[in-house]
2 protein chains.
Amino acid sequence: MAEERNERPLRHDRHSVVACALRLLDDVGLPDLSMRRLATELEVQPSALYWHFESKQQLLAAVADRILSAVGELDPSTTLEDAAQAILDALLTYRDGAEVVMSTYALRLGAHGAQRALLGVLDGDQSAADALFEFILGHATLLQQRMHAQSIGAVAADAADPAEHSDEVFQAGLHAFSAARSRH
Amino acid sequence: MAEERNERPLRHDRHSVVACALRLLDDVGLPDLSMRRLATELEVQPSALYWHFESKQQLLAAVADRILSAVGELDPSTTLEDAAQAILDALLTYRDGAEVVMSTYALRLGAHGAQRALLGVLDGDQSAADALFEFILGHATLLQQRMHAQSIGAVAADAADPAEHSDEVFQAGLHAFSAARSRH
DNA sequence: ACCTGAACACCGTTCAAGT
DNA sequence: ACCTGAACACCGTTCAAGT
């Protein structure tokens with residue numbers, strides 16, 4: 001009992017801030033991931049975050065980086081299907097992960113690794129690799145969008161599946177890129 | 001000179017509100033399209049908007065509808081390339097148009113027409129049509145994202161093209177879906 | 001039918017100042 | 001090196017009340 005309970009220096013660095021942001025993202029979703037809420041979670045004033053990141057955009061870019069880092073370097077023998085699935089899995093690991101990656105894609109901090117993996121699998125065809133990456137991101141974003149809408153209950157009249165046919169749509173896309181490659 | 005200059009009833013309906021929102025979107029972009037700013041543009045209090053739409057989301061869904069309505073019904077003889085290009089053109093007509101459509105896609109108010117067009121062009125293959133639509137949306141969103149980042153100047157070190165290779169990436173994607181269809 | 005006025009509970013960001 | 005405190009200029013939304 002030598003220590004009091006509410007005095008803590010509680011210093012952070014970029015790494016711990018990003019880790020907390022990623023956890024918070026998964027808990028509350030992108031619309032509720034605010035700088036003020038993140039600061040509260042870190043037991044710090046909102047302004048403290050601006051010592052570590054120059055803006056919310058830059059912080060989200062670092063979060064996107066971490067989301068895609070799970071893809072890592074893929075074995076050269078990986079199939080197109082496995083490479084694409086690995087990227088999709090990384091995007092779907094955290095709530096709204098695809099939208100975060102999409103919203104910071106222009107700053108291309110973390111997409112390089114994932115796109116290099118696709119490039120290898122598509123025999124060096126840069127345009128096809130970019131197109132496939134755009135398809136994966138579009139697919140993941142729309143899927144997570146629907147998951148959120150469903151959890152809110154704000155969904156169209158028909159609306160049967162939470163993600164029922166989503167896998168077969170993904171496979172149809174992969175089949176297309178696969179077919180295009182084989183007829184060089 | 002029989003009329004004063006600052007008394008105007010200025011009553012609106014859903015149509016005129018959406019038209020103004022679309023104009024404002026193109027002028028200032030999605031991040032600056034706020035309910036308060038839209039209200040100012042309409043010379044009305046922000047709360048007045050909530051008589052016409054129950055939330056900002058619903059208003060944006062109506063805007064997305066209008067963006068995609070430009071696609072209309074396509075001739076059955078249209079090629080896959082032309083159908084896809086028509087949808088892409090509609091998304092790129094207004095600043096941040098693709099992101100607006102994407103963010104309200106779960107409510108599927110306006111995507112039906114565009115997707116029906118793709119379905120016809122893909123011989124009724126629903127999964128392939130959905131996948132192609134996801135590719136087009138992903139492509140358009142990332143392109144507009146890059147255009148915005150470039151105008152801000154916040155762009156990666158390499159970053160050569162504003163959209164230089166973007167068309168050839170789009171064609172690579174279309175080529176893939178086209179190839180998959182022909183080998184039924 | 002359509003809008004005002006006022007309020008509630010929030011935002012991102014800056015900047016001087018502290019330790 | 002890392003954070004506080006206070007401020008600035010905003011948000012979306014609700015609701016009683018007006019016409």
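The contact between the two chains takes 35 residues from chain A and 35 residues from chain B, where contact means heavy atoms within 4.5 Å. Chains A and B bury about 3,100 Å² between them, 66% of it on carbon and sulfur atoms; buried area is the accessible area (1.4 Å probe) that two parts lose on being put together, summed over both. On the chain B side, Ala106(B), Glu134(B) and Leu142(B) lose the most area to chain A, together 20% of what that side buries.

A word on the source. This is a predicted model, where local features need pLDDT of at least 70, side-chain atom pairs count only at pLDDT 80 or more, and totals for chains, interfaces and linings use all residues. Residues are numbered from 1 along each chain as its sequence is written, chains are lettered from A and ligands numbered from 1 in the order in which they are written, and side-chain values use heavy atoms, leaving out hydrogens and water.

Now helix 1 of chain A, residues 14-28. Helices here are DSSP runs (H or I, at least four residues), numbered from the N terminus. The buried residues of helix 1 include Val17(A), Ala21(A), Leu24(A) and Val28(A), buried meaning under 20% relative accessible area (1.4 Å probe, protein chains only). Among the elements covering the buried residues of helix 1 are helix 2 (35-41) and helix 4 (56-68) of chain A. Just after helix 1, Gly29(A) takes a positive phi of about 85°.

Last, helices 5 and 7 of chain A. Leu80(A), Ala83(A), Ala84(A) and Ile87(A) in helix 5 meet Ala114(A), Leu118(A) and Val121(A) in helix 7.

Definitions and conventions: Helix = DSSP H or I, 4+ residues; strand = E, 2+ residues; numbered from the N terminus. Expected span 1.5 Å × (residues − 1). Buried < 20%, exposed > 50% of the residue type's maximum accessible area, 1.4 Å probe, protein only.
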